[in-house]
Every structure is written in C-alpha cells, then in structure tokens.
Amino acid sequence: MQSKNVSLVLGSGGARGIAHIGIIRCLEDNGYTIRCISGSSIGALIGGFYAAGKLDDYQSWVCALERSDVLRLLDLSFNGGGLFKGHKIMDVLKKLVGDARIEDLPVEFTAVAVDIERQKEIWFTDGSLFEAIRASIAIPSVFRPHTYRGMMLVDGGVLNPVPIAPTLRTTTDFTLAVNLNGREETPMLPKSKPKKQQPVKLSDEAQNTVHRAISRFIDRWWSEDEKTEEPQSQWSLLELMTRSIDTMQNSIAHMKLAAHPPDIMIEVPRSMGGLFDYHLSQAMIDEGYRLCEEALKRFEERRKLNEPAEETQADVEVK
C-alpha cells in the first residue's frame, strides 16, 4: 500500500477559503495524513485551526452564520488603515482557538504574512497561533494591519497567495496546493436569501453617525444580490477592491507555482463566493470536498500508470 503523507498548502481568497475545510475532510475520509501545512490569509486560519485540533469548532460556528450575523461582525473603522477594525471577528476567533502555540502543534504549521514596511514575506513557525493568524488575515484596506513582534503586518497573500515554499522543509509523499483565485465559472453555489427581505437593523440606537454608516453599507451590500449584471461603474468600493486583490493574487500565485509546482493543484473558481460570503459556508465546504475528490482520483490514476510492473519470482531470481 502506498504511503499517504501530505504537505498541504492553503491559499488566500476570503470566504472562498471555507472550501479548504471540505478539502481537509476529503483527505481525511480517503485515508491521507496531513503532516505539514502552510497557509496565507484564510488558508492560515483554516490550516491553523486544523493543526490545533479546533477545526470542528470553527466549522460549527461558521456554518451557523446567517448573512446578518456576518454583517454584525463587521465593525467599521473611521481612523484609517482599513474599512473595518476587525475587533469583533478577532474576539470570536481568539475564543475558538485559545492560547495554542505553533511550536506545540501536532502538525507542522506555517502562517505567512507580509511586513508592509520592509516589504518582505514573514513565516510564523513559532509563537502565538492566534497572533500569526491575525497577521495573516489582515487584508489591506479591508482590515487594519496587525502590529506583532515589532512589525506592521498584512495579509500573506499580498506576496505569496499559495505559499508552497514553507512546506519544502518537510519530506512527505506529495504536496497538494489550493489556489482560491481560479478562473471564473458559472456560479454553482445557490445564492441564499435572507429570511427577511428587509435591510438589517443592528440596534434601536441607529440614529448616530456610526450606525447610519453601517446601515447604508448593509443596504448597499444586501441590494447587490438583486442584480444579475452590474456595470463596472456601479461596483461598490468593496467590490472593486476585492476584484483588484483577486486579480493581483492570481497573477502572483501562478508565478510562485511555476517556481515550485505541487503534485496536486486544486483551482477553486473565483465565482464561487465573495470576500464575506460566509453565509454560504456549507455549500463551499461541499464544493471543496468535490473538487478534492476529483483531484485525488486523477492523481491516483497517474500514480498507477507510473508504477513499475510487479516483479515475478523469475525476475527476482535472474537479478
């Protein structure tokens, strides 16, 4: 029986990264053992939670989110550095992952972030798991940069959307990488409808400036689902920003992958979900599982074709 030890590389790409969970579940169900993980942004989050044995907790939480829950976690920032402060979502993540330290995890793990001042890629292989994840998911212009170890850190996908290089230190049977910025396809995921077709009311005190700003943002985002085709001039600032980031990361990812091609490449289409579409989590997990099953089937078929013919007893004696 062939060994099934895997190095897993989880890419950046917002809520589409929930598909990483389905890919991990598929590997587990098919008898593969994940020995090493590296990730950028949402890939660092999912990979870190898995390495810490907390993925079940995260999956249960994220799959229970409605769109209104996601919106309530977005705390607008008016002090610059990003559209959102990120305090609410980070508080939830910290409670879920606890005080785990990377060097104590049973699975080798690397979170990739970027030191924006020195313009260099940073690999976190020790220290606080939460702090490493927090740095890696700080999407520029969306969340504030995270200050840690004397550095101002942003999303690892800025320089390395699919970080294969950190896994090269560990010997496994093959490397599986996931690019969340694959070519767009016809959306396969259903657009979930809110339970109430009304703009979300966050509180009874929505008369002050902050609450009015949040309400306007929510109303705009909510109405975007009603449009099948939206001319570029009508894109919201957030939509334009995320499309620009996706374009940049896809170009960088293919350059990095050309230098270190993985044994298995799973391309998750950009059309599968937007930056904050966590209310579609279960559908994304299912799609990730399906894509992984297909990729593993192709890989195993290739391995069988490349296997040498079984030696007969006569062959052994002649040798």
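Trainee: Is helix H6 (residues 129-136) mostly covered or mostly uncovered?

Mentor: First, some ground rules: this is a predicted model, where local features need pLDDT of at least 70, side-chain atom pairs count only at pLDDT 80 or more, and totals for chains, interfaces and linings use all residues. Residues are numbered from 1 along each chain as its sequence is written, and side-chain values use heavy atoms, with hydrogens and water left out. Helices are DSSP runs (H or I, at least four residues), numbered from the N terminus. Buried means under 20% relative accessible area (1.4 Å probe, protein chains only). H6 is mostly covered, with seven of its eight residues buried; among them are Phe 130, Ile 133 and Arg 134. At the start of H6, a side-chain oxygen of Ser 128 comes to within 3.4 Å of the backbone nitrogen of Phe 130.

Trainee: At what angle do helices H3 and H5 cross?

Mentor: Axes are lines fitted to C-alpha atoms over the stretch in contact, and angles run from 0 to 180 degrees between N-to-C directions. Here H3 (residues 55-63) and H5 (residues 87-97) have axes that come within 10 Å and cross at roughly 145°. Contact means heavy atoms within 4.5 Å: H3 brings Asp 57, Tyr 58 and Trp 61, and H5 brings Ile 89, Val 92, Leu 93 and Leu 96.

Trainee: How many disulfides are there?

Mentor: A disulfide is a pair of cysteine sulfur atoms within 2.5 Å, and the count is zero. Cys 292 is in none; the nearest cysteine sulfur, that of Cys 26, is 3.7 Å away. Cys 292 is buried, at 0% relative accessible area.

Notes:
Buried < 20%, exposed > 50% of the residue type's maximum accessible area, 1.4 Å probe, protein only. Helix = DSSP H or I, 4+ residues; strand = E, 2+ residues; numbered from the N terminus. Polar contact = N/O pair within 3.5 Å; in protein donor to acceptor, adjacent residues only side chain to side chain.
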